[in-house]
Amino acid sequence: MSWQFEPVGVIHSCFAEKFAIPRQPQLAPAATASLELLPPYNQPEALEGLEGVSHLWLIFVFHAAASGPQHLRVRPPRLGGNQRIGVFASRATHRPNPIGQSVVRLEGIDNGRLLLSGVDLLDGTPVLDIKPYVPYADAISDAVNPLAPLPPAPIPVSWSDAALEQARQQQERLDQPLIALIEQCLAQDPKPAYQQPGPEREYGVQLWDVNVRWHYPDSGQIRVLSVTPT
Ligand code: SAM
């Protein structure tokens with residue numbers, strides 16, 4: 001059995017690369033995106049009834065996931081990268097069919113585009129389907145998952161004076177909540193859990209069209225060093 005699917009839309013998001021994207025949606029509410037619908041779904045009829053709906057499920061393709069042989073067990077980053085668990089107990093991107101699912105906030109609809117926030121999606125992600133979040137069915141108050149009982153504890157993020165001023169300028173130019181986005185994404189500590197960098201080691205990522213650089217002055221703390229256009 002095999003099926004072929006065509007995307008209904010494509011994501012344009014703040015995340016130009018995979019590094020520093022939160023591991024799940026909602027962890028960075030300032031992470032915004034628009035979902036451009038493709039014909040024939042770019043007609044108003046396809047969106048009728050979404051007025052007043054606060055959240056959507058997006059079913060999408062991990063189009064930038066590493067290819068290669070499939071394994072029955074994976075090493076999720078949130079478990080430190082050392083512990084193996086079954087692929088079906090994880091949300092790993094490298095999986096039998098490279099399909100992901102995220103609940104995102106629907107901020108508005110603009111000319112056939114869905115305006116979204118709280119995304120964990122790489123720019124260019126193809127979307128296979130969109131479904132409304134149904135609170136009575138999707139929010140399960142007594143649900144448990146021992147491997148992911150709580151959201152990751154955020155780490156403190158501070159700024160150099162110069163970086164904060166640069167970020168203010170870029171935020172104004174982009175007309176996006178860039179400072180909150182940087183703080184929320186870095187607070188998730190993007191580096192692999194096994195790395196213990198000294199203060200001299202710098203990390204960087206591109207958000208929108210700006211390069212953000214930071215280091216770890218002390219273990220478990222981040223200081224933003226610069227925010228410059230690419
Ligand atoms: N919420 C989704 C799920 O549970 O299916 C995704 C979870 S997955 C652990 C989240 C990671 O997927 C992000 O940190 C990012 O690095 C990666 N990612 C996001 N969009 C992607 C894409 N289009 N292709 C490959 N990796 C992607």
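**Exercise 1.** In this predicted model, work out how many residues surround the ligand and which are the closest.

*Solution.* Start with the count: 21 residues surround the ligand. Then pick out the closest ones, which are Q24, H63, R91, D120 and T125. Next, sort the shell by residue type: you get ten nonpolar, seven polar and four charged residues.

**Exercise 2.** Find which ligand atoms sit across from P22, H63 and D120, then say how much of the ligand's accessible area the protein covers.

*Solution.* Take the ligand's nitrogen side to begin with. A polar side-chain atom of H63 is 2.8 Å from a ligand nitrogen, and D120 also places a polar side-chain atom 2.8 Å from a nitrogen of the ligand. Now P22: here a backbone N or O atom lies 3.1 Å from a ligand oxygen. As for cover, the ligand on its own has 600 Å² of accessible area, and the protein covers 91% of that.

Which elements give two or more residues to the shell? Those are β3 (55-61) and β6 (99-110). β6 gives the most, with three residues.

**Exercise 3.** Take the largest nonpolar core: list the residues that touch the most other members, and explain why the core lies between domain 1 and domain 2.

*Solution.* The core has 46 residues, and those touching the most other members are F15, L114, L116, L181, I182, V212 and V227. By element, helix α3 (residues 178-186) gives the most to this core, namely six residues. Finally, check the domains: domain 1 (9-63 + 98-138) and domain 2 (157-229) both give residues to the core, so it lies between them.

Notes
Residues are numbered from 1 along each chain as its sequence is written. This is a predicted model: local features need pLDDT of at least 70, side-chain atom pairs count only at pLDDT 80 or more; totals for chains, interfaces and linings use all residues. Side-chain values use heavy atoms; hydrogens and water are left out. A residue is near a molecule or strand if one of its heavy atoms lies within 4 Å of it. A polar contact is a pair of N or O atoms within 3.5 Å; within protein, one must be able to donate a hydrogen and the other to accept it, and residues adjacent in sequence count only if both atoms are side-chain atoms. Accessible areas come from the Shrake-Rupley method with a 1.4 Å probe; for residues, only the protein chains shown count as cover. Helices (H or I, at least four residues) and strands (E, at least two) are DSSP runs, numbered from the N terminus. Ala, Val, Leu, Ile, Met, Phe, Trp, Tyr, Cys and Pro count as nonpolar, Asp, Glu, Lys and Arg as charged, and the others, Gly among them, as polar. A nonpolar core is a set of buried Ala, Val, Leu, Ile, Met, Phe, Trp, Tyr and Cys residues joined through side-chain atoms within 4.5 Å. Buried means under 20% relative accessible area, exposed over 50%, partly exposed in between (1.4 Å probe, protein chains only). Domain bounds come from an automatic or database domain assignment.
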